[in-house]
Amino acid sequence: MREIQVRTPAKVNLTLDVVGKRDDGYHSIESVFQAVGIYDALTLTRVDTPGITLSSTNKYLPCNQKNIAYQAAQLFLKHAHRWDGIHIHIEKHIPSQAGLGGGSSDGAAVIAALNWLLGCRMSLQEQCEIAAQVGADVPFFLTGGTMHVSGMGEILEPLPPMPALPMVIAKGKAGVSTPEAYRRIDQLTDPVHPDTARVIDFLRNGRYWDAIPECGNLFEAAANLEEVTQIKQIMMDMGAQCALMTGSGSAVFGIFDTGFMAQKCCNALHAVVPYAVTCKTLKHSIRIVSRS
């Protein structure tokens with residue numbers, strides 16, 4: 001195989017809570033991750049010159065060692081004892097600084113794609129071990145679906161997959177840096193924590209419509225963004241079963257009863273914010289588009 005193209009999805013956090021701070025300064029979280037149908041497309045090509053090169057449709061994306069996709073390729077090749085020349089092209093559709101996990105998803109896609117491209121036959125467990133070295137959220141994207149995530153994000157427990165629910169994801173102009181978001185979390189007094197255990201219990205019993213209104217994100221209080229509040233209000237006014245900021249921000253997702261309601265809300269949001277799309281919850285993650 002000379003070339004492979006894959007699609008890799010975004011994620012939202014149905015719940016996200018910070019439950020402690022470790023001695024090493026990192027935070028412990030409790031969350032429910034859900035894969036959603038917004039995708040980046042990555043093309044990996046074997047080239048004659050050893051080393052890793054990277055390009056992207058997004059001019060703001062670093063195309064060097066700072067990019068998670070580059071780091072993932074570097075770690076995979078080292079683990080596999082390979083010295084192939086690899087070019088990675090990222091067609092970017094998942095917004096940055098949105099809490100949608102676009103960078104982590106790209107990193108996972110590189111690991112999965114290299115495993116296929118180079119015929120390494122690594123197990124999913126081996127791939128996840130490499131992914132955890134790249135970043136805490138990266139292993140999730142190798143499995144996708146609905147997942148209870150804890151620790152620093154590296155402890156994964158599969159949950160029964162949600163059906164394909166209509167969703168709107170919207171983002172204003174403001175972005176949120178993850179380190180700054182955690183700094184603000186540390187400064188919160190008497191925060192209201194989401195009940196992740198209750199959401200998980202509903203999901204395990206197939207009661208996803210009962211779970212959805214219980215969703216919550218501690219980072220909303222820390223971000224305190226006017227755009228987030230505005231987007232949430234529009235979504236709820238137009239019939240969303242829940243509207244919630246995802247990750248450390250600043251994208252907001254709303255879950256709707258029907259695709260018609262979701263599209264109507266998305267159309268209204270286009271007049272207010274620069275980014276609004278409809279999608280659905282997913283049971284899968286990375287998929288091969290083509291190979292040659």
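**Ground rules.** I worked from a predicted model in which local features need pLDDT of at least 70 and side-chain atom pairs count only at pLDDT 80 or more, while totals for chains, interfaces and linings use all residues. Residues are numbered from 1 along each chain as its sequence is written, and side-chain values use heavy atoms, with hydrogens and water left out.

**Helix α1.** I took helices (H or I, at least four residues) and strands (E, at least two) as DSSP runs numbered from the N terminus. I then listed the buried residues of α1, which are A69, Y70, A72, A73, F76 and L77; buried means under 20% relative accessible area, exposed over 50%, and partly exposed in between (1.4 Å probe, protein chains only). Seen down the axis of α1, these buried residues fall within an arc of 160 degrees, so they line one face of the helix, the arc being that of the directions from the helix axis to the C-beta atoms. Their cover, by contact (heavy atoms within 4.5 Å), includes β3 (51-56), β4 (85-91), α2 (102-117) and α3 (124-134).

**Salt bridges.** I found twelve in the structure, a salt bridge being a side-chain nitrogen of Lys or Arg within 4 Å of a carboxyl oxygen of Asp or Glu. In helix α4 (residues 178-187), R184 and E180 lie four residues apart, about one turn of the helix, and their closest N and O atoms are 3.1 Å apart. I noted R184 as partly exposed at 31% relative accessibility, and E180 as partly exposed at 25%.

R198 and E214 also meet in a salt bridge, at 3.6 Å from N to O. This pair links distant parts of the chain, 16 residues apart, with R198 in helix α5 (residues 196-204) and E214 in the loop between α6 (208-211) and β8 (216-217). For D210 and R207 the closest N and O atoms are 2.8 Å apart. I also recorded that D40, K92 and D106 are linked in a network of salt bridges.

Finally, I looked up M1, in the segment before β1 (3-21), which counts as partly exposed at 39% relative accessibility.
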